[in-house]
Amino acid sequence: MRTARMGGGMEANKNKFIEEWGAARETLEHNFRWTRRNFAIIGLFGIAIPIFVYKGIVKEFHMQDEDNGRPYRKFM
């Protein structure tokens, strides 16, 4: 008895480069190394930019409160 295959029995050709990339992503935690560059990138995008965005948003809300004569809203 034959089983039905999806796609009408068409075989997929594997791309060597995509397979290597997928394997590297699966083992990323084993191959990652802390370097100055990695530390700087994580510090910039993981800490500094979110802080600056938060401060900018809070400043905008405080400016709106000041313009409308309301007390400042508290965040955190």
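This is a predicted model: local features need pLDDT of at least 70, side-chain atom pairs count only at pLDDT 80 or more; totals for chains, interfaces and linings use all residues.

Trainee: Which helix holds Asp65?

Mentor: Asp65 lies in helix H3, which comprises residues 36-67.

Trainee: Is Asp65 buried or exposed?

Mentor: Asp65 has a relative accessible area of 0%, and it counts as buried because that value is under the 20% cut-off.

Trainee: What does the side chain of Asp65 make a polar contact with?

Mentor: Its partner is the side chain of Arg73, at 2.9 Å. Leaving aside residues up to four places away in sequence, Asp65 touches Arg70, Pro71, Tyr72 and Arg73.

Trainee: Where is confidence lowest and where is it highest?

Mentor: The lowest mean in the protein chain is 89, in helix H2 (residues 28-31), while H3 has the highest, at 94. For the protein chain, pLDDT averages 87, and 86% of the residues score at least 70.

Trainee: Turning to helix H1, how many of its residues are buried?

Mentor: The count is zero among the 11 residues of H1 (residues 16-26). At the start of H1, a side-chain oxygen of Asn15 comes to within 2.9 Å of the backbone nitrogen of Phe17.

Trainee: Which residues does the "transmembrane region" annotation cover?

Mentor: The unreviewed UniProt entry places that annotation on residues 39-57. In the model, this stretch is 100% helix and 0% strand, with its end C-alpha atoms 26 Å apart.

Notes
Residues are numbered from 1 along each chain as its sequence is written. Side-chain values use heavy atoms; hydrogens and water are left out. Helices (H or I, at least four residues) and strands (E, at least two) are DSSP runs, numbered from the N terminus. Buried means under 20% relative accessible area, exposed over 50%, partly exposed in between (1.4 Å probe, protein chains only). A polar contact is a pair of N or O atoms within 3.5 Å; within protein, one must be able to donate a hydrogen and the other to accept it, and residues adjacent in sequence count only if both atoms are side-chain atoms. Contact means heavy atoms within 4.5 Å. pLDDT is the predictor's confidence in each residue, from 0 to 100. UniProt positions are given in the numbering used here, feature names are shortened, and annotations may be inferred rather than shown by experiment.
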